[in-house]
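Subject: Structure handover

Hi,

Here is the structure I promised to pass on. Please open it and keep it beside this email while you read.

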Amino acid sequence: MHIVLGANPEADQPWVADAVADLVRQSGGSVAVVAVDEVELERLTAVPRSVFVERAEQAASAAVRRLAAVGIEASQTVRSGRPLQQILEFADEERADLIVVGSSTRPAVAARLLGSLPLALIRKSPRPVLVVTHPRDPH
């Protein structure tokens, strides 16, 4: 099984890497971590792209380190653009069997207005998508 883990640059979600580690231990396989900087056009951002890229690199690195701590090797990739499109393209390129992401970190009202990446992935992906919630999240 080849898993693509979508690391969230906006929130630290170590439990997502833990869930992927459990899956790999149970089924074997490999992991590719991807984080997307969420910058489509640099001229439309208030801060330099490098700030967004750095956040994405930190998120991907944190997931890779967490996996490595339990003996699981993972590759790391940072992409630019819309997360939905970039994660789907990356999963295609990787020929992933499964995409794993954390649940939305946006408040419920914002998720309804702006959309939720996990829900969009579920709707658009031709691959199975596993959405991992925070272990203490009752929802």
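Predicted model: local features only at pLDDT ≥ 70, side-chain atom pairs only at ≥ 80, totals over all residues.

A quick reminder before the numbers. Two packed helices are described by the angle between their axes and by the distance between those axes.

Find α1, residues 14-27, and α2, residues 49-69. These two helices pack at an angle of about 45°. Their axes lie 9 Å apart. Angles under 35 degrees would count as roughly parallel, and 65 to 115 as roughly perpendicular. So α1 and α2 are oblique to each other. Their crossing is right-handed.

Which residues meet? From α1 come Pro 14, Ala 17, Asp 18, Val 20 and Ala 21. From α2 come Ala 63, Arg 66 and Leu 67. Sorted by class, this contact of α1 with α2 has 6 nonpolar residues, 2 charged and no polar ones.

Next, look at α3 (residues 83-94) and α5 (residues 117-124). Here the packing angle is about 45°, and the axes are 10 Å apart. That makes α3 oblique to α5. The crossing of α3 past α5 is right-handed.

On the α3 side, the contact is made by Pro 83, Leu 84, Ile 87 and Leu 88. On the α5 side, Leu 117, Ala 120, Leu 121 and Lys 124 take part. The contact of α3 with α5 holds 7 nonpolar residues, 1 charged and no polar ones.

**The second largest pocket**

Now turn to the second largest pocket. Its space comes to about 220 Å³. How many residues line the second largest pocket? There are 17. Nearest its centre lie Ala 11, Asp 12, Gln 13, Ala 59 and Ala 62.

Three elements, β1 (2-7), α1 and α2, each supply at least two residues of this lining. Of these, α2 gives the most, with 6 residues. By class, the lining divides into 10 nonpolar, 4 polar and 3 charged residues.

Over to you.

Best wishes

Definitions and conventions:
Residues numbered from 1 in each chain as written. Heavy atoms only, no water. Axes fitted to C-alpha atoms, helices over the stretch in contact; angles between N-to-C directions. Helix = DSSP H or I, 4+ residues; strand = E, 2+ residues; numbered from the N terminus. Parallel < 35°, antiparallel > 145°, perpendicular 65-115°, else oblique. Left-handed = near helix turned anticlockwise from the far one by under 90°. Contact = heavy atoms within 4.5 Å. Nonpolar A, V, L, I, M, F, W, Y, C, P; charged D, E, K, R; others polar. 1 Å grid on protein atoms, 1.4 Å probe; cavity = no way out; pocket = protein on both sides within 12 Å on 5 of 7 lines; lining within 4 Å. Points joined across faces, edges and corners; volume = space filled by probe spheres on them.
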